[in-house]
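Morning, everyone. Let me put the structure up, and then I'll walk you through it.

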Amino acid sequence: MLKPIFSKLSEQFKESIINYDFYMKDYSSMRVGGRPVALIKIDNFYDLLLTLEYFNQERKELSPLIIGKSTNLIFSDNIRNYVVIILGENFNKIIQKDNQLLCSAATPLQQVVRKSAELGLSGLEWAIGIPGAISGAIVNNCGSKENDISELISEITVIDYAGKKRKLQAADLKPRYRNTIIKETKKYIIIEALLNFEKKDRIEILETLNKNFYEKQNNQPLNECSAGCIFKNPSGYSAGKLIDDCGLKGYSIGGAKISEKHANFIVNYNNAQFKDIMNLIDYAREQVLKKFNIQLELEVEIIGGI
Ligand SMILES: Cc1cc2nc3c(=O)[nH]c(=O)nc-3n(C[C@H](O)[C@H](O)[C@H](O)COP(=O)(O)OP(=O)(O)OC[C@H]3O[C@@H](n4cnc5c(N)ncnc54)[C@H](O)[C@@H]3O)c2cc1C
């Protein structure tokens, strides 16, 4: 039997595991994506440092990519030079400190939304229904029409790819519309985040959550396979409305379709291939450019080659 290629690394791990037979379509919310060199599930800080050092020094030809829950990523079939890193259960923790919550990186955003509501802490009511981990939410500066998560950040703890730990304040992230310095540079790994909340009546928070969830459920295809909004809203416009005004709701290529609920969502409704999704993205872009002379920019990240 062949020796696993990263056996030198895995022999030193305390808890983490390396999977060599893993397809990103089985993890990613868009349900497409090929097989990376390996998927490493890291379960403690020591193993994370070992992994970064190993790829920094011994396997420079590979690209380690840390992800959250992959709800805003579209993986291609060709990702054979990627090593995907996810943080496991030991990075899923919430600790209350008065009006603040210290959240480990892999904690699902919805767990933070629920926990804050239970504790009578207001701030994340707009985030009900947004999938993914707190790390991905911060990297993307995820948000709604009126709010985004950077407004809540007190500080985050990161390490860089050389293994150096540091604290960053919200301003250091240079947060803007669905973007931060972490997304742009890919130089840091988020370990945990300290978020600020305001004390409020629990019942009032729960009522707002219910109202917001009802609205989100009516307007977005929450129960279908997608990667969230495909395009950023161009200044002064809604990308969804522009695509809808081109008559594209329900338009499909292969197994991928422009959602009937929200035209800025592409759903994988019937075993779509990566190329179906990319062709649909290109088609929607061309139609909007032709009709409105507006160039749509991607909000989702495409990982890997065509
Ligand atoms: C049905 C649906 C509805 C959605 N609604 C919204 C919405 O209303 N608003 C909105 O803003 N988004 C929305 N999204 C998009 C998406 O859910 C969010 O952007 C989410 O915050 C991404 O989190 P994630 O953990 O899945 O990140 P991923 O998709 O896994 O990764 C996103 C980015 O973060 C990086 N990353 C993740 N973890 C780390 C880490 N620990 N350290 C460093 N980098 C890291 C990745 O490399 C990548 O660059 C929606 C998606 C879906 C499928």
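Which residues in helix 3 (residues 109-118) are buried? Before I answer, some ground rules. This is a predicted model: local features need pLDDT of at least 70, side-chain atom pairs count only at pLDDT 80 or more, and totals for chains, interfaces and linings use all residues. Residues are numbered from 1 along each chain, as its sequence is written.

Now helix 3. Its buried residues are Leu109, Val112, Val113, Ser116 and Ala117. Buried means that 20 or more other C-beta atoms, placed from the backbone, lie within 10 Å of the residue's own; exposed means 12 or fewer, and partly exposed is in between. Helices (H or I, at least four residues) and strands (E, at least two) are DSSP runs, numbered from the N terminus.

What covers them? The cover includes strand 6 (94-97), strand 7 (100-104), strand 8 (121-122), helix 4 and helix 6 (202-219). Contact here means C-beta atoms, placed from the backbone, within 7 Å. Just after helix 3, glycine 120 has a positive phi of about 70 degrees.

Next, the domains. There are domain 1 (7-88), domain 2 (92-219) and domain 3 (239-303). The bounds come from an automatic or database domain assignment. Where domain 1 meets domain 3, the contact takes 11 residues from domain 1 and 9 residues from domain 3. Strand 4 (residues 73-75) gives the most to the domain 1 side, with 3 residues.

On to the ligand. Around it are 33 residues, and Gly68, Gly132, Gly136, Cys142 and Gly228 come nearest. Near means a C-beta atom, placed from the backbone, within 6 Å. Helix 4 gives the most to this shell, with 5 residues. Domain 1 and domain 2 both give residues to the shell, so the ligand lies between them.

Last, the core. The largest nonpolar core has 85 residues, and Ile74, Ile134, Ile138, Ile190, Ile266 and Ile277 have the most contacts inside it. Such a core is a set of buried Ala, Val, Leu, Ile, Met, Phe, Trp, Tyr and Cys residues joined through C-beta atoms within 7 Å. Helix 8 (residues 274-292) gives the most to this core, with 6 residues.

Conventions. Contact = placed C-beta atoms within 7 Å.
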